[in-house]
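Open the model in your viewer and switch to a cartoon view. Keep the sequence beside it. Follow the stops in order.

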Amino acid sequence: MIDTLRSVLQFRRFEFDANKRRLSRSANVDDLRTIAKRRLPRGVFDYIDGGAEDERTLAANQDAYARLTFRPRVLRDVGKVDPSTTLLGRPLPFPLVLAPTGFTRIADPQGELAVARAADRAGIPYSLSTMATRSIEEVAAVSPGRKWFQVYVWRDRGLVKDMIDRAANAGYEALVLTVDTAVLGRRERDVRRGFTLPPKIGLNTLIDGVLHPGWTWAFVRSEPIRFANVIGSSVGDGNTAVSLAAQVNSQFDRSLSWSDVEWMRSVWDGPIVIKGIQTVDDAVLAADAGVDAIALSNHGGRQLDSAPATLDLVAPCADAVGDRIEIICDGGVRRGSDIVKAVCLGARACMAGRAYLYGLGAAGELGVDYVLSHLHGDMKRVMALMGATRISDLNRELVG
Ligand code: GLV
């Protein structure tokens, strides 16, 4: 009996590193979301996890992936599967770009630095947000990899031009112009909590903080959270706690229009990606404007609720713009199979924000590494099961 038991019993070695332990018990991005929900204060988690109003678009982005099924081919020799591709004319190990996210340091004190390093290790581009809590230069100093800079156009164009010049000097490859944020969407989870950024210490926050001592200890020990790209400027650097809506509504330029895209061309030599396209007509206008790529995006369901699921836009936009510009599909990506589906429909790559923030919130920088290698590995497995060995094998015949 002892022998029988010995042959079937298998204990895992205890992992002393808490981050590694958490990751060793996770199987996917949703597991990391569950862990992040436990570890982060509720207000912080809801800011990351939530969307606008009834969160219909937030749900629709993921549902669109769930609805689409595969039509796998078999007996096709999948001994070697290679998901590498090119984006903006440069090679990429698999078709993913890390989306810009504001205030990344609320998930982990290393914030944008951790994410940029992980992206560099994975060989994929990282987009740094205008609303970042680490500066253009700080991120460039830790990551020699591909970096894109996301631009919100503030009323003060001099300040925007200054940030664009800094991005050029620091070796950023592309500008991402976000166009879906004329005013801030109504994120009702934040409204209910009176959530401010940087988080303001009120009674609720104090209780939340006591209930999440790991996060709180790391937060109070690290330097204050600021808009690192605009420290000391007229737009305010986040030195005082403000509601995000107040900041956006007072500083973002609502007059932004297609002529500003031309302006951007005149102050930036590299590729431009317009992020926030939500119709075929605007995809065509972007191609006519001569930009290099568009990100079909509804800001992860955080802006206009009832905006269409981005995956549903991929095929019609690809049909309308052809090879004139590259299409990136942003929002709802949680699995490698999601990326495969978007590529089958005509996307060049996907963009993901929450997926890596869940990793960061669950296990810091290691958590981001986990997410990226998970998505990469997932893609290879899914392609093998579909009978596809290269990105060029992925087409609409394989989904339905
Ligand atoms: C900022 O861009 C946000 O979506 O909160």
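Select strand β8, residues 293–296. Both of its faces are covered. Ala293 and Ala295 are buried on one side, Ile294 and Leu296 on the other. Buried means under 20% relative accessible area, exposed over 50%, and partly exposed in between (1.4 Å probe, protein chains only). Strands (E, at least two residues) and helices (H or I, at least four) are DSSP runs, numbered from the N terminus.

This is a predicted model: local features need pLDDT of at least 70, side-chain atom pairs count only at pLDDT 80 or more, and totals for chains, interfaces and linings use all residues. Residues are numbered from 1 along each chain as its sequence is written, and side-chain values use heavy atoms, with hydrogens and water left out.

Two strands pair if DSSP finds at least two bridges between them. Find Lys275; its bridge partner in β8 is Ala295. Now trace the chain from β7 through helix α14 (residues 280–288) to β8. This β-α-β crossover is right-handed: with the strands pointing away from you, the path from the first strand over the helix to the second runs clockwise.

Now select strand β9, residues 326–330. β9 is parallel to β8, and 4 bridges join them. Ala293 stands opposite Glu326 in β9. The chain gets from β8 to β9 through helix α15 (residues 310–321), in a right-handed β-α-β crossover.

Last stop: helix α1, residues 2–8, where you find Val8. Is Val8 buried or exposed? Val8 is exposed, because its relative accessible area is 61%.
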